[in-house]
Amino acid sequence: MTIQQISIFVENKAGCLEAVMSLLAKNDIDIRALSIADTPDFGILRIIVSDTDKAAKVLADGGYVARSTPVLAVEIADRPGGMAEVLGVLAKADISLEYTYAFITRHTGSAYMICRVEDNDKAAGVLAEAGIKTATREEIDKL
């Protein structure tokens, strides 16, 4: 099971990130999770939002370079070692992460990590065999 993430190229200077966030807010798009990786000139903002299709259109109309990518939202135990267990299952199956970021929820006991891997289906299968749940878009929206 995958969910869609949007990656946006954002100029690395004062006010640019706020402009993206304000554009999304004005269009009633809620951010569920985010990660920013930067370089001296640009950053890559990766977000999970309440309405991916609408966000992609709003961003394109706003002149931003944005791309939607399928990723896994993996439920992890919200305790020390929870993420290490998931990473261990992936490593044992020789599945490399391109990147990952995590977020907590209002629900106690669980956190989630967003994983970008080469083969989402293989990773989801390996995780399911190990008893590790991946979340659907609907489940993320309820968090």
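User: How many bridges pair β4 with strand β6, and in which sense, parallel or antiparallel?
Analyst: This is a predicted model. In it, β4 and β6 (residues 110–117) pair over 6 bridges, in the antiparallel sense.

User: How is β1 joined to β4?
Analyst: By 6 bridges. β1 covers residues 3–11, β4 covers residues 66–77, and the two run antiparallel.

User: OK, zoom out. What is the strand order in the sheet?
Analyst: The order is β2-β3-β1-β4-β6-β5. That is an open sheet of 6 strands with antiparallel pairing.

User: Which strands stand at the edges?
Analyst: β2 (31–38) and β5. Each has a single partner strand, so one side of each has no neighbour in the sheet.

User: By how many degrees are neighbouring strands turned against each other?
Analyst: By 30° on average, direction ignored.

User: New topic. How many aromatic pairs does the structure hold?
Analyst: The structure holds 1. The rings are those of Phe103 and Tyr112.

User: Why is that pair stacked?
Analyst: The ring planes of Phe103 and Tyr112 are at 20°, so the pair counts as stacked. The cut-off for stacked is under 30 degrees. The ring centres are 5.8 Å apart.

User: Are those two residues buried or exposed?
Analyst: Phe103 and Tyr112 are buried. Phe103 has 13% relative accessibility, so it counts as buried; the cut-off is under 20%.

User: Where is Phe103 found?
Analyst: In strand β5, residues 97–104.

User: How far apart are Phe103 and Arg67?
Analyst: In sequence, 36 residues. In space, 21 Å from C-alpha to C-alpha.

User: Which ring does the charged end of Arg46 sit over?
Analyst: The ring of Tyr99. The charged end of Arg46 is 3.7 Å from the centre of that ring.

User: Now the helices. At what angle do α3 and α4 pack?
Analyst: At about 120°, with their axes 10 Å apart. Helix α3 spans residues 82–92 and helix α4 spans residues 120–129. That angle makes α3 oblique to α4.

User: Is the crossing left-handed or right-handed?
Analyst: α3 passes α4 in a right-handed crossing.

Technical notes. Residues are numbered from 1 along each chain as its sequence is written. This is a predicted model: local features need pLDDT of at least 70, side-chain atom pairs count only at pLDDT 80 or more; totals for chains, interfaces and linings use all residues. Side-chain values use heavy atoms; hydrogens and water are left out. Two strands pair if DSSP finds at least two bridges between them. Helices (H or I, at least four residues) and strands (E, at least two) are DSSP runs, numbered from the N terminus. Rings of Phe, Tyr and Trp (its six-membered ring) pair if their centres lie within 6.5 Å; planes under 30 degrees apart count as stacked, over 60 as edge-to-face and the rest as tilted. Buried means under 20% relative accessible area, exposed over 50%, partly exposed in between (1.4 Å probe, protein chains only). A charge sits over a ring if NZ of Lys or CZ of Arg is within 6 Å of the ring centre and within 35 degrees of the ring normal. Axes are lines fitted to C-alpha atoms, for helices over the stretch in contact, and angles run from 0 to 180 degrees between N-to-C directions. Angles under 35 degrees count as roughly parallel, over 145 as roughly antiparallel, 65 to 115 as roughly perpendicular and the rest as oblique. A crossing is left-handed if the near helix is turned anticlockwise from the far one by less than a right angle, and right-handed if clockwise.
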